[in-house]
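This briefing is arranged by topic for a reader with a computational background. Please examine the entry shown below before turning to the points that follow.

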Amino acid sequence: MRVRLEGVGRRFGDHVVLDGVDLDVAPGEVVALLGPSGCGKSTLLRAVAGLDGVDGGRVLLDDGAVRDHDPRCAIAFQEPRLLPWRSLTGNVALGLPRGTAKRAGEQRVAELLDVVGLSGFAGHRPRSVSGGMAQRTALARALARRPGVLVLDEPFAALDALTRLTMQDLLLDVLAATPTTVLLVTHDVDEALHLADRVVVLGREEGHDGARVVRTTAVDLAHPRDRGDAHLASLRAELLELLGVPRA
Ligand SMILES: Nc1ncnc2c1ncn2[C@@H]1O[C@H](COP(=O)(O)OP(=O)(O)OP(=O)(O)O)[C@@H](O)[C@H]1O
Ligand SMILES: [Mg+2]
């Protein structure tokens, strides 16, 4: 599914957060969004998923306007937000489209738990699994409806460094099996460069109060990517500089 933002603006009272954001994401493309804390990344994702409106411009999914809580989008956050009284199976089932037949739903949930490596924990409650396992459950729940757009807001930020790397590769495996348009917010430049076809930086520009796209960097490297790749290292240096991290 294609995602298009045309001159998107969003303000809260006098506070202009987004000020003319233009972005075009091709079907099946993975775009990572970077930008300083508070610059409006989550606000932008909420607009794409139809969780919140915009004050200017438009958000289009496959050329149709985004709908309230758009059923074509699935979203996952930094915290898994699972229901503690439901099993992992029950939580993943929450992501199924409304009206899914019982048998087909059970099959889909079992398949997804397998994809994220949790078949052996299907009956467990969230409190009896690790943070990484809970986050994999949230990812499975997001995938359950076969979303046209997968919207991920710092999905791996709360995980330890090693689990985070494993989760990134798990996501790539899932996307290789089921190509999906992905909009991913992260603060981790390496994560953005490992996962994305394109890295988009939001920030302030002269003459604008709110954030807009200040840089788009294509990452023309096939998967699997070598995390130590020299080209990635030079892109990383460029992006860190743009984000205001001084060179050592
Ligand atoms: N519902 C709201 N009401 C008022 N202000 C809001 C609301 N939602 C967001 N904001 C403001 O909009 C700005 C952007 O917030 P947003 O959460 O989009 O930033 P972010 O880029 O995701 O930051 P972070 O990287 O820290 O997650 C912030 O100043 C925030 O306080
Ligand atoms: Mg945010």
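Which residues are around ligand 1? They are F12, V17, G35, S37, G38, C39, G40, K41, S42 and T43, where a residue is near a molecule if its C-beta atom, placed from the backbone, lies within 6 Å of it. The model is predicted: local features need pLDDT of at least 70, side-chain atom pairs count only at pLDDT 80 or more, and totals for chains, interfaces and linings use all residues. Residues are numbered from 1 along each chain as its sequence is written, while chains are lettered from A and ligands numbered from 1 in the order in which they are written.

**Ligand shell**
- Helix α1 (residues 41–49) supplies the largest share of the shell around ligand 1, namely 3 residues.
- By class, this shell has 3 nonpolar residues (Ala, Val, Leu, Ile, Met, Phe, Trp, Tyr, Cys or Pro), 6 polar ones (the others, Gly among them) and 1 charged one (Asp, Glu, Lys or Arg).

**Overall fold**
- The chain has 7 helices (DSSP runs of H or I, at least four residues) and 10 strands (runs of E, at least two).
- Its C-alpha atoms fill a box of roughly 55 × 40 × 30 Å, taken along the principal axes.

- Of the 248 residues, 38% count as buried, that is, with 20 or more other C-beta atoms within 10 Å of their own C-beta atom, both placed from the backbone.

Conventions: Buried ≥ 20, exposed ≤ 12 C-beta atoms within 10 Å, placed from the backbone.
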